[in-house]
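Have the structure open as you read.

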Amino acid sequence: MIGVVLVGATGSIGRSTLDVVRSLGAEARLVGAFSGSNADGLAAITREFGPRYCAAIGLREGSAGQVGGGAGGVLEAAIADPETTVVVSAASGAAGLPASLLAVRHGRRLALANKESMVMAGPLLLREAARTGAAIVPVDSEHSAIFQALRAGRREEVRKVILTASGGPFRTWPAERIAEATPEEALRHPTWSMGRKITIDSATLMNKALELIEAHGLFGLAPGEIEVVVHPQSIVHGMVEFVDGSVVAQMGKPDMRLPIQYALSCPERKGSSFSRFDVRDFASLTFEAPDPLRFPALALGEEAVRIGGTAGAVLNAANEVAVERFLAGEIPFPAIWKTAEAVLRSATFVSDPDLDDIHAADRAAREEARKWPT
Ligand SMILES: NC(=O)c1ccc[n+]([C@@H]2O[C@H](COP(=O)([O-])OP(=O)(O)OC[C@H]3O[C@@H](n4cnc5c(N)ncnc54)[C@H](OP(=O)(O)O)[C@@H]3O)[C@@H](O)[C@H]2O)c1
């Protein structure tokens, strides 16, 4: 029996996870459900699934990380419950880190949707997971694809991995038009239906920058071993090139229920009734290089990996604030990556950070990003 604690239950990944739990029937049970502040959404989930634990655990504004008071206790009790086998960490942004850390500290499988946890605190998560024996299984479709494709060979046989990007709504737009993009335009993703923050990250390609840092952490790859290609149909989710030149790809419809189910059940595969992929529906699958001039955010991921330490936390925090400010109409679209770049370039870093260092880096970067342009 798969015992699921779901953090971010009322969001886009949360809803897809609930669909998977429904579809798995007697093979899975929802042990705990947690949201930020949406108590009504949580109540509906509780009525249908009857989890033993549930709470709205929204954090204080600007904090990267502790769940305070009673709510934190409920979350930890849910994760520690002997019936819990997997924690789906699917809050949005830095708020996802506490659940990810608690999961690995309690030796539970971490089904990681919240890429920001790995971006901010990758080495810490990996260290804790190594200590407790917790598995970290990616939910992000690209990383799930690579995780699956890696099973075709040994680590030393891998030459590089290829992360695909849809290119977002502005893939074909000229720079001048991108500069004028409105929140409504940026929220219109061509292939995926997702929460607001990740949808904006997909439009700037900051999502791919964060995913590059995530891939570096999850798979122990150097930036030169991770390539990004734009693939507008979002059918090939990721590829691994082996030393002999073979490339193993994972394909599927753009439906997050597939990687979520795999993260819950792997290494087993369970049946599902989700709509099937038919290769004949996709006569043309295209791939192109990303344009670094129109999408400068992408390079910031590589820069953060090269700096290491708290650089991921800084980049993530600056981006989160900039996305909020863009959505609030305070700054234009290009100011998102300009803010992130300026904050990253002016920060000081701690090379082997503990959780306090990560919180401090997150707070300082948020403060800087709120002031930008200075
Ligand atoms: N959506 C996708 O297809 C997709 C794909 C790959 C990866 N991801 C990653 O998955 C994560 C979630 O994305 P999403 O699109 O599902 O976001 P979303 O739709 O905005 O949902 C966010 C969820 O997080 C909850 N939340 C907010 N603050 C919280 C807190 N402090 N503690 C616990 N929960 C909190 C929200 O609760 P309330 O409803 O109460 O606000 C909501 O349930 C992100 O890290 C994203 O990058 C998403």
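## Two cis prolines

Let's start towards the end of the chain: P373 sits in the segment that follows α15 (355-371). Keep in mind that this is a predicted model, so what follows describes computed geometry. The bond joining W372 to P373 is a cis peptide, with omega at about -5 degrees.

There's another cis peptide bond between C266 and P267, where omega is about 10 degrees. P267 belongs to the loop that runs between α11 (257-265) and α12 (297-307). Both are worth a look, given that most peptide bonds are trans.

## Positive phi without glycine

Most residues other than glycine have a negative phi. L205 isn't a glycine, yet its phi is positive, about 75 degrees. You'll find L205 in the loop between α9 (196-204) and α10 (206-219). Is L205 buried or exposed? L205 has 30 other C-beta atoms within 10 Å, and 20 or more is the mark for burial, so it counts as buried.

S234 is another non-glycine residue with a positive phi, in this case about 50 degrees. S234 lies in the loop between β8 (226-230) and β9 (236-242). With 21 other C-beta atoms within 10 Å, S234 is buried too.

The contact draws on 14 residues from domain 1 and twelve residues from domain 2.

Which elements give two or more residues to domain 1's side of that contact? They are α5 (115-132) and β6 (136-138). Helix α5 provides the largest share of that side, six residues. By class, the side of domain 1 that touches domain 2 comes out as seven nonpolar, five polar and two charged residues.

## The largest core

In soluble globular proteins, nonpolar side chains tend to be buried together. Here, the largest nonpolar core has 111 residues, and V4, L6, V87, A111, V314, A318 and A340 are the ones with the most contacts inside it. Helix α13 (residues 311-327) supplies the largest share of this core, ten residues. Domain 1 (2-139) and domain 2 (144-251 + 287-307) both contribute residues, so the core lies between them.

Leaving aside residues up to four places away in sequence, V314 touches V343, L344, A347, A361 and A365.

Key:
Residues numbered from 1 in each chain as written. Predicted model: local features only at pLDDT ≥ 70, side-chain atom pairs only at ≥ 80, totals over all residues. Core = buried A, V, L, I, M, F, W, Y, C linked by C-beta atoms within 7 Å. Buried ≥ 20, exposed ≤ 12 C-beta atoms within 10 Å, placed from the backbone. Helix = DSSP H or I, 4+ residues; strand = E, 2+ residues; numbered from the N terminus. Domains from an automatic or database assignment. Contact = placed C-beta atoms within 7 Å. Nonpolar A, V, L, I, M, F, W, Y, C, P; charged D, E, K, R; others polar.
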